[in-house]
Amino acid sequence: MKNITVIGVGYVGLVTSAAFSDLGNCVTALDINEERITNLKKGIMPIFEPGLSEVVERNVRAGRLFFTTSYAEALKDAEFVFIAVGTPEGVDGEADLQYVRMAAETIAKTMDHPLIIINKSTVPVGTGDWVSDIIHENQPHPLEFSVVSCPEFLREGSAITDFMTPDRTVLGSEDTNAAERVAQLHLPLRAPIMVTDLRTAEMIKYASNAFLATRISFINEIAHICEALGADVKEVARGMGYDKRIGHHFLEAGIGYGGSCFPKDVKALSHMAQIHGKHPQLLHAVMEINDYQRRHVLLKLHDVLGDFKGRIIGLLGLAFKQNTDDMREAPSTTIGDYLSEHGATVRGYDPAARDAAKRVMPYLELVNNPYELVKGADAVVVLTPWNEFKQLDGQRVKEAMRTPVMIDGRNLYEPAAMRELGFVYHGIGRGYNTGDNS
Ligand code: NAD
Ligand code: UGA
């Protein structure tokens, strides 16, 4: 059993805290957000993440997981301190490191014994050294510490499983002894552990996210070509994926990637390259294609409906992906904002992101199920591939609508079946982008 402190109790910090306590360690999770900590002490989760509340409850009950807002309390017995605060997009596309700086300064001012400080937040290459400097500069008395980079690769919606069964653990440090001790913490996860220098570990995280985003933009570009040539991108991706060198993952064409990570991380990597005099052409193309996907969906809708003024349009799914309530960079916000600004009544349904969506889309008329969503609607736009949308009663949906128009930004349905039901149906890259064929 090790004493671990986790700074920042968001998607990553809370999962990290829950998972390490479940592995038998004693974990104190700290956040500056008092409401979040008060709620967690009452068992109220700040996020929707399948399976998370059970693991949190189990470990709080077992006396292995604690929540606090006090750095002094959190660091008292700590051996390992994970920094898992947000690193959102800054004004020029760089990662905004203000929360990391604040956390590092407070750790430095509060620590009263040696610590291993682990950067779990996604931070620009060189941040490990910068954190070291901040700690040195802010310590009232010199105390030993080491900085280790341990990037996180979990996905929202499957965070607990991803954390507990990672494909690899990447550790970066100039202090091999510290890296070895952090490696020991991760042994129960039974994944290959790779130890590198700090900067390489930091780069592995950005390169991994950028590569996955590239696959998505690649298949979206292929989808556009499919629309011009009459091929079906779903089958194309399937055919490509059987090649073991390619694989099936991250080849789903659609509305493009959203969320709190791919958009900001691709931008931040591009920014890092540019300030060092490099021209990241591929990253620019990835972002350009991704931005276009949202316009592409709006254009398809416009082609069918014409003017949006006075139309009732239902957004089926609001979260940036299924199994989460996270609305950061959700395509629904771009689509909803545009439709609302152009005079449409925008309705929304999402199984988990209801409250989160209302906060960022105040104009939204929220409903309780997909059938209410389409009642009297001029069109429905599919934006999140929740499982519960896969078996909708198409006949019932069609009959409820004023005009049976469906723009399927997630390719959830089969074009031929939808057309047979009488829908004007447009997917992404499912054949010619004209008339009834796409
Ligand atoms: P989040 O916004 O959900 O949570 C961040 C938390 O940090 C908030 O609760 C905030 O109050 C707290 N915080 C901010 N400053 C603090 C401080 N000085 N002291 C204590 N707490 C503080 O963020 P997230 O989505 O968990 O992401 C955290 C980091 O992990 C980011 O760098 C992100 O890129 C990376 N990451 C996220 C995911 C993901 O799926 N969300 C996956 C891998 C990596
Ligand atoms: C992503 C990575 O998958 C994680 O490994 C990483 O840790 C995380 O970012 C991070 O750094 O925060 P996440 O954003 O939670 O995880 O979700 P993904 O499943 O990767 O989906 C990202 C976006 O791409 C979603 O909008 C999703 O709908 C979209 N997507 C995904 C596609 O459009 N097509 C695909 O084939 C796959």
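Which element gives the most to the lining of the largest cavity, and how many residues does that element give?

Modeller: Keep in mind that this is a predicted model. Helix α9 gives the most to the lining of the largest cavity, with three residues. The space itself is about 40 Å³.

Next comes an open site. The second largest pocket has a volume of about 250 Å³. Two elements give two or more residues to the lining of this pocket: α9 (198-229) and α11 (262-275). Helix α11 gives the most, with six residues. In total, 13 residues line the second largest pocket. Val-125, Met-272, Ala-273, Ile-275 and His-276 lie nearest the centre. The lining residues divide into nine nonpolar, two polar and two charged.

So much for the spaces; now the charged pairs. Side chains of opposite charge can pair when their charged atoms come close. A search of the whole structure finds 20 salt bridges. Three of these pairs follow.

Take Asp-162 first. This residue forms a salt bridge with Arg-155, and the closest N and O atoms are 2.7 Å apart. Asp-162 has a relative accessible area of 13%, so it counts as buried. Arg-155 is at 40% relative accessibility and therefore counts as partly exposed.

Arg-238 pairs with Glu-235 in another salt bridge, with the closest N and O atoms 3.0 Å apart. Both residues sit in helix α10 (residues 233-241). They are three residues apart, about one turn of the helix. Arg-238, at 41% relative accessibility, is partly exposed. Glu-235 is partly exposed too, at 43%.

Arg-328 and Asp-326 make a further salt bridge, where the closest N and O atoms are 3.0 Å apart. Arg-328 is partly exposed, at 41% relative accessibility. Asp-326 is buried, because its relative accessible area is 4%. Elsewhere, salt bridges that share partners join Lys-2, Glu-79 and Arg-181 into one network.

Now the surface. Ile-32, Tyr-99 and Met-102 form a nonpolar patch there. Together they have about 280 Å² of accessible area. Met-102 belongs to helix α5 (residues 98-110). Its relative accessibility is 36%, so Met-102 counts as partly exposed.

Two pairs of residues show how the chain comes back on itself. What is the C-alpha separation of Asp-133 and Glu-105? The answer is 9.9 Å, for residues that lie 28 apart along the chain. Asp-133 is placed in helix α6 (residues 127-138). With a relative accessibility of 43%, Asp-133 counts as partly exposed.

The other pair is Ala-344 and Arg-311. They are 33 residues apart in sequence, and their C-alpha atoms are 4.8 Å apart in space. Ala-344 is in the loop between α13 (331-341) and β10 (345-349). Is Ala-344 buried or exposed? Ala-344 is at 10% relative accessibility, so it counts as buried.

Back to your starting point. Helix α9 is the top contributor to the lining of the largest cavity.

Definitions and conventions:
Residues are numbered from 1 along each chain as its sequence is written. Chains are lettered from A and ligands numbered from 1 in the order in which they are written. This is a predicted model: local features need pLDDT of at least 70, side-chain atom pairs count only at pLDDT 80 or more; totals for chains, interfaces and linings use all residues. Side-chain values use heavy atoms; hydrogens and water are left out. Patches are made of residues with over 30% relative accessible area and no salt bridge: like charges are joined within 9 Å, nonpolar side chains (Val, Leu, Ile, Met, Phe, Trp, Tyr) within 5 Å. Accessible areas come from the Shrake-Rupley method with a 1.4 Å probe; for residues, only the protein chains shown count as cover. A salt bridge is a side-chain nitrogen of Lys or Arg within 4 Å of a carboxyl oxygen of Asp or Glu. Helices (H or I, at least four residues) and strands (E, at least two) are DSSP runs, numbered from the N terminus. Buried means under 20% relative accessible area, exposed over 50%, partly exposed in between (1.4 Å probe, protein chains only). On a 1 Å grid over the protein atoms alone, a cavity is a set of points where a 1.4 Å probe fits but cannot get out, and a pocket is an open set with protein on both sides within 12 Å along at least five of seven lines; lining residues have an atom within 4 Å of a point. Grid points are joined across faces, edges and corners, and a volume is the space filled by probe spheres set on the points. Ala, Val, Leu, Ile, Met, Phe, Trp, Tyr, Cys and Pro count as nonpolar, Asp, Glu, Lys and Arg as charged, and the others, Gly among them, as polar.
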